[in-house]
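My notes follow in the order I made them.

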Amino acid sequence: MNRLLLSASLVQRSTLRYTPAGLPALDLGLRHESTVSEDGQPRKVSLEMRAVAIGAITQPLAALALGAQAGFGGFVTAARNGRGLVFHVTSVEPQAAPAQPGDD
């Protein structure tokens with residue numbers, strides 16, 4: 001199964017374009033930072049990932065503010081040029097920003 005769920009912030013979004021089939025498409029940049037456990041030891045994970053969204057999912061992604069945190073779901077495939085991977089986003093769940101001191 002090829003399914004990726006990633007909690008990340010939206011750091012880049014291209015202008016809406018259309019595929020040759022006429023579907024709306026957005027190129028995205030996502031950033032993830034967390035601490036995970038590996039062999040019982042904490043490990044800091046930080047990455048940036050190229051992503052693309054095609055079809056109806058482009059509407060909620062176009063409305064998502066740059067820097068916003070969200071849960072992204074989809075699948076991974078090879079890039080068209082054969083260099084690296086691209087995350088194809090098929091679902092998004094915006095996440096509330098953490099409360100800041102003094103936001104009462």
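**Thr 19 and the ground rules**

I began with Thr 19, which is buried at a relative accessible area of 16%. I use buried for under 20% relative accessible area, exposed for over 50%, and partly exposed for anything in between, with a 1.4 Å probe and protein chains only. Thr 19 sits in the loop between β2 (17-18) and β3. Strands here are DSSP runs of E with at least two residues, helices are runs of H or I with at least four, and both are numbered from the N terminus. Beyond its neighbours within four places in sequence, Thr 19 is in contact with Ala 25 and Ile 54; contact means heavy atoms within 4.5 Å.

I noted that this is a predicted model, in which local features need pLDDT of at least 70, side-chain atom pairs count only at pLDDT 80 or more, and totals for chains, interfaces and linings use all residues. Residues are numbered from 1 along each chain as its sequence is written, and side-chain values use heavy atoms, with hydrogens and water left out.

**Whole chain**

I listed one helix and six strands in the protein chain, running β-β-β-β-α-β-β from the N terminus. The C-alpha atoms fill a box of roughly 45 × 40 × 20 Å along the principal axes. Of the 104 residues, 30% are buried. I also looked at contacts with a separation of 6 or more: 52% of them join residues 24 or more positions apart.

**Thr 58**

Thr 58 belongs to helix α1 (residues 58-63) and counts as buried, at 5% relative accessibility. A polar atom of its side chain lies 2.7 Å from the backbone oxygen of Gly 55. I take a polar contact as a pair of N or O atoms within 3.5 Å; within protein, one must be able to donate a hydrogen and the other to accept it, and residues adjacent in sequence count only if both atoms are side-chain atoms. Not counting residues up to four places away in sequence, Thr 58 touches Leu 16, Pro 24, Ala 25, Leu 26 and Ala 53.

**Arg 50**

I then went to strand β4 (residues 41-54), where Arg 50 is found. Arg 50 is partly exposed, at 45% relative accessible area. Its side chain has a polar atom 3.4 Å from the backbone oxygen of Arg 83. Outside four places in sequence, the contacts of Arg 50 are Leu 28, Ala 79, Arg 83, Leu 85, Val 86 and Phe 87. I also checked Arg 31, 19 residues away along the chain: its C-alpha atom is separated from that of Arg 50 by 9.2 Å.

**Core**

Which residues have the most contacts inside the largest nonpolar core? I found Leu 28, Leu 61, Leu 64, Phe 72 and Val 89, in a core of 17 residues. Two or more core residues come from each of β1 (4-13), β3 (24-38), β4, β5 (69-78) and β6 (85-94). A nonpolar core is a set of buried Ala, Val, Leu, Ile, Met, Phe, Trp, Tyr and Cys residues joined through side-chain atoms within 4.5 Å. The contacts of Leu 28 beyond four places in sequence include Leu 10, Met 49, Leu 61 and Val 89.

**Ser 46**

Ser 46 also lies in strand β4. Leaving out residues up to four places away in sequence, I found that Ser 46 touches His 32 and Glu 33.
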